[in-house]
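Trainee: I have a model open on my screen and would like a close look at one part of it. Could you walk me through that part once it is displayed?

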Amino acid sequence: MNRILLLATALLAPLHARAALDVVTTTQGLAALAQEVGGERVKVQSLSRGIQDPHFVDANPTLAVKLRNADLLVDVGLDLEIGWLPPLVNQSRNPDIQPTGSRRFTAASVVSVLEVPRGPVDRSMGDLHPAGNPHFLSDPRCARKVAEGLARKLTSLDAGGAATYQKRLADFERRLDADEARWRAEWAPVRGRKVIPYHNSWIYFLDWAGLQGAGYLEPKPGVPPPPSHLAELVGVAKAQGVKAILVENFYDRKSADVVARHSGAKVMMLPGDVGGTPQAKSYEAWVDQLVQLVSGAVR
Amino acid sequence: MNRFTLAALAAAALAFGAPAAAQEAAAAPGAAPQQTPEEKKKLEEQIAKELGVSPAAPALPPAEGAPPGITAPGVPEQTPGGAPAPPQAVQGQVGGNPFARLMMLPDISAIGDFAGVYDSRDTGNESPRSGPVSAPHQLTPVFQELELGIQSVIDPYARADIFISFEPSGVSVEEAYMTTLALPFGLQARAGKFYSPFGRLNQQHPHVWDFVDAPLALDRLVSASQLGGPGVDVAWLAPLPWFAEFHLFGQTTTPAFEDKEQRTLGGRVLQYFDVGDAAALGVGLSAARIEEPVFGSWRDLGGADVHLKLRPPWTRSYLVLQGEAFVRRLTAPSVPDQTDWGGYAQALWRDGPYFAYGARYDFAPAFQNGRIGIVQVDGTEHRLSAIASWFPSEFQKVRLQGAWDRLPGGQNGLELILQLEFVIGAHGAHPF
């Protein structure tokens, strides 16, 4: 009996055998990094798009179909995808991509996470991420760590590609070195300038850029700004010389426009991730666009 | 024996299904550098034979050491063999982790539903239903339900979801079931007590519904407390480029207006398609055959459901069009068959994060609660409902629902329900 079943399994096996590793990521930024490192040895698809708010993706069952045959699932972690990824993973019939599975790579696991709460947290503080701030990919230092982690993970799943992954990772980091030299030159004259982001999603980016946040449009994460809060922000913006209000382009810009009108700051609609604008085609192109838009606005 | 077969099968599936598995082994220190998948499979068979068929759990091969330089210290990554490194491992913390017990807790949540209800007539008797009702012209506060959810993985092979419902009528286990995570061939099984995979609304907890109450047809043709009970459900996800899932379930259930549990056998086909960039279409067909108390009598249920969600990816506003049709046929020896229809169609417009508006039409056979209990009467009841919902945050909602109800005799009734709902704790995300 066993033998028959084994035989049946053997017959089914070739359907699954492929040259390229099937990599599925939760966001387009992670997909871009996986593509950089994996090259032609991987086939990458993202469950969400850069124009989407990654907190609120629909758990459309057709996404579970993509996970079914995934050789690797790459997620951001820190509960960013808590509202939609778990049911998809549970529907996928792919045990190895469960949170502790051998084919799961959680990017946050290799990043030095900011804003990890030290004391008690509850939802009176808004819809915050109790494990720490998950919006780290716009910081190239974090992206490097994630790319390195991806190279290690891909190597562990596909040892034959070790050399390729190492070479492609080195290429990517070399290009980032050159980019960063350029980007540092953009940041140098605007160091210490103040901005107001909409959601608490630019803390890593501001830290990298040497900019400072003077507050958030949202009084608490996920909570809409009441007029009282906006009035307060106008005061803060005027007093501290805030130059720009940073808003991901999937958010409503109405409240940002109000603060801008009364304070003289500029509203910058930013791509939230790779693919967030037509220009942001790759990781480098995305960060490049962020640098141009934000440094231009605070100059 | 079955278990062993399954274990061997799963082990084999793992070896074949994962072409990279052999390469993992190749990368491990001490392993032959050039082990091919064929060699690994042969070795695995050999080992299985030596062990008298793998007694080990199916999905987890023994841990192998991480290849040097592959896993950074302190990085909670898997070793290639599958043995997880402790997550967020911090080395050398004095006294160990003081939160160890907390970290093992399952997700615990509570959802409370309360309502104020106004009915213009004696709805409880003239139009019996599961939703909240009031005496004629008496605005009445109603405690609907407190749901306690306890959810967690059990081990690497399965998870458990438990929902305990506290209602005015008492405490009941709404659902408590185990779901497998590691069956091969696209199979997934649930065992325990659960709502039957029959139609769309029947499987959802009431707090997930877009309206405060169930359509009359679900109450009267399927079950007033939603069809469900102890049993087993096996679902196969077909290897197709779209989502196509086939369910077979065997349960004991309590169908509409029965008080005894009856043996039930059923099936469901659910398919989902992406329609362009901004729409998802789900269509389902369900059937169930339920034993009746009288020998040789049957209750057959059929259902068809459609769910279309239109949402451009960059926004949180969306439109959902949804409808279900239910048919119930009663067959008994020496009595003519009786077939009844019902259904609903609804539209819901979610206007950004904070508001939603919906309209629903539903119809069902008329029932009345008289001296001899709840009985079906001639004719069809039609109802139109409208709802406005406000979501101050992701964790509470306030909804106002108005319904205009028309009984077969031409009597009309108005019903207004103002409902408050909150959720605390970690409540698992709901399926689409």
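Which strands of chain A does helix 2 (residues 28-38) of chain A lie across?

Mentor: Happy to, and please keep in mind that this is a predicted model. Helix 2 of chain A, residues 28-38, lies across strand 1, strand 2 and strand 3 of chain A. Relative to strand 2 of chain A, the helix runs at about 170 degrees.

In chain A, four strands form an open sheet with parallel pairing, and their order is 2-1-3-4. Strand 2 (42-46) and strand 4 (104-106) of chain A are the edge strands; each has a single partner strand, so one side of each is left without a neighbour in the sheet. From one strand to the next, the twist averages 20 degrees.

Let's zoom in on one pairing in that order. Strand 1 of chain A (residues 21-25) and strand 3 of chain A (residues 72-75) run parallel and are joined by three bridges.

For a view of antiparallel pairing, turn to chain B. There, strand 1 (residues 107-119) runs antiparallel to strand 2 (residues 140-155), with eleven bridges joining them. Gly116(B) of this pairing stands opposite Pro141(B) in strand 2 of chain B. Strand 1 of chain B is also joined by eleven bridges to strand 16 of chain B (residues 412-425), again running antiparallel. Here Tyr118(B) stands opposite Leu416(B).

How values were computed: Residues are numbered from 1 along each chain as its sequence is written. Chains are lettered from A and ligands numbered from 1 in the order in which they are written. This is a predicted model: local features need pLDDT of at least 70, side-chain atom pairs count only at pLDDT 80 or more; totals for chains, interfaces and linings use all residues. Two strands pair if DSSP finds at least two bridges between them. Helices (H or I, at least four residues) and strands (E, at least two) are DSSP runs, numbered from the N terminus. Axes are lines fitted to C-alpha atoms, for helices over the stretch in contact, and angles run from 0 to 180 degrees between N-to-C directions. Two residues are in contact if their C-beta atoms, placed from the backbone, lie within 7 Å.
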